[in-house]
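Colleague: I would like to go through this model feature by feature. Please start with confidence.

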Amino acid sequence: MRVDLEDVTVAISGKDIVHAASLTVESGSVVGLIGPNGSGKSTLLRTLYRAVRPRKGTVLVDGIDVHALSAREAARTVAVMLQDPQTDFDLTVHELVLLGRAPHRASFGRDSADDLRIVDDAMRRVGVTSLADRMVATLSGGQRQRVMLARALAQQAPVLVLDEPSNHLDIRHQLELMTIVRGLGCTVIAALHDLNLALQYCDRVVVLVDGRILADGPPDAVLTGDVIRTAFAVEARLLGEREDPVLAFRALSDRRTLTAPSRTRTERDIRP
Amino acid sequence: MSSTSLTAVRPGRRLERRTAAICTVLAIALVALTVLSCAVGVVAVTPVQAAQTIIGHLLPGMPWMSDGSLTPLQDQAVWHFRLPRALLAGFAGAGLALAGALMQVTVRNPLAEPYILGVSSGASVGAVAVIVWGSAAVGGLSLNIAAFIGAVLACACVAVMAQKDGALSPTRMILAGVALGTLFSAITSYLTISTDAQNVVGVLFFLLGSVSAATMSSLIGPAIALACGVIVASFLARSLNALMTGDESATSLGVNPTRLRALLLILASLLTGTVVSVAGGIGFVGLVIPHIARIAVGADHRRMLPLTVLGGAVFLMLADLLARTVAAPTEIPLGILTAFVGAPFFLWLMRRNGADRAGFGR
């Protein structure tokens, strides 16, 4: 399903975090959202799964405003892999993944055979089947991330939102995650920190700086030294072969002219 | 990745079976305790006679009701004193435990209990006002009604204070509840200290909780609230599981956290208010029974809620039976007994390995 964000402005406690951002994600494509910390990536994504309502603008999935849908309809349309489940009362991995079926079922009753098969499938795909009986709180950060992906997969929504999915993951699981996500065939929007993952796996990359879209296009056209310098204030060079490019980063060289720390002022400085 | 299996993995099945087994045992215990409670007291009644009396009142035309095998005194003791009391203990235990479980997930805090939102301190103000000033001074309200109004008002105050920008935040709910609870307690304390000495015992009895004043009509409120609570909660079980994983996560699963929280708040205050207004501030049940249920069958509400309701009822009926018998003919207030029996049991349970599975190791 096609996703359109039109002129989306989001305010959090009265302050605009995202300013009139517009972007289109074609059905079945994978779009990477990149930008420095605090640039508004997560906030923009949160409008998609309705954790926040835009102050202005619309969020359309398949031409329908997600904020006009019922909560359950929206959850059947957009699934999200959240950063970390916060549970004071712990669930098992299997129970947590089963929650992905909640939008499809009434709030009571037993789990259907279908649900169990879908959950089983999602867990096997992500490789957390052997963790099924473990309590979520006892897992490592990376394992927890994968369980959250399994839950999002079990939700079987046509649009998948990933908020920094590669956090805590070792390199193998980072690549595996992106491969799984690519292979789903659903529309994917992912906030990514790793620009090389964006370069390697995304159909398009959108750069967000201070809540404004700076660049939008195919990865090799967007992830240039100029754009990266403007967005992240680092030097970037493209290495590797043409068909398998890799970005290397270095701190900006003109950063040596840092201001000296100011001396502590004490009352001894007072001169009559 | 693991090998393909034809059957879906089903780790929950073992716990489901355990839930069914424990619930069956608790249901049998509930019936046994009801009969036993009706057979214990000053007027000698055998358990068989107690059962006969109860059945005889429920079903017409039982031979033993008219053949003289039961004296009118026995009939009176069982039907008008012991049965309402046992049932009130059951309803109160079930209601408070359910309210506790709902509050714990509402504010996502293991320390939450039915009274955390100031419901009992609100009820106390109402009840103590009637005890101290007399019913006429507060518009002719009975103690029970005044207590219920106090409970509902306290809860409404907390909801108003915790609500901001259309959202009910758990932290604000807890803090507003604690702050308002302290305020109401201060009012109760002032009323208590400034009244005649003879009233103090009555106040204390209410604050500690007791089911000794139970009549058949006093059961109506808690019974209706419990029925509503059980039905609504069972329909909400999956949404409660979703809420447990955080607001943002719940939203992404199609659950509106604020709307659900508001509903839970109403449900919990109704359950607590109706119980407190007739049985006073019985502590401990609402905090501990939900945790025991989680230790036994895990945190999934579809399993832990039935256990919580039945477990709460059994626990309080047992506590009341002990309250009447251990120091007979003197009666120990129920609140004291629940803590005396419950605290050591819970501490023992908490230190076992099974508790770590329920998240106690963190």
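Modeller: pLDDT is the predictor's confidence in each residue, from 0 to 100. Chain B has a mean pLDDT of 86, with 94% of its residues at 70 or more. This is a predicted model, in which local features need pLDDT of at least 70 and side-chain atom pairs count only at pLDDT 80 or more, while totals for chains, interfaces and linings use all residues. Residues are numbered from 1 along each chain as its sequence is written, and chains are lettered from A in the order in which they are written.

Colleague: Where in chain B does pLDDT stay under 50?

Modeller: Where pLDDT is low, the predicted coordinates should not be read in detail. In chain B that stretch is residues 1-9. For the complex, the predictor gives an ipTM of 0.84 and a pTM of 0.88.

Colleague: What is the strand order in the open sheet of chain A?

Modeller: Strands are DSSP runs (E, at least two residues), numbered from the N terminus, as are helices (H or I, at least four); two strands pair if DSSP finds at least two bridges between them. The order of the four strands is S2-S1-S4-S5, with antiparallel pairing. The edge strands, S2 (15-25) and S5 (64-65), each pair on one side only. S1 (residues 3-12) and S4 (residues 56-61) of chain A share five bridges, and Asp4(A) stands opposite Leu60(A).

Colleague: Which residues does Val78(A) touch?

Modeller: Contact requires C-beta atoms, placed from the backbone, within 7 Å. Not counting residues up to four places away in sequence, Val78(A) touches Leu48(A), Tyr49(A), Val61(A), Val66(A), Ala157(A), Val159(A) and Val161(A).

Notes. Two residues are in contact if their C-beta atoms, placed from the backbone, lie within 7 Å.
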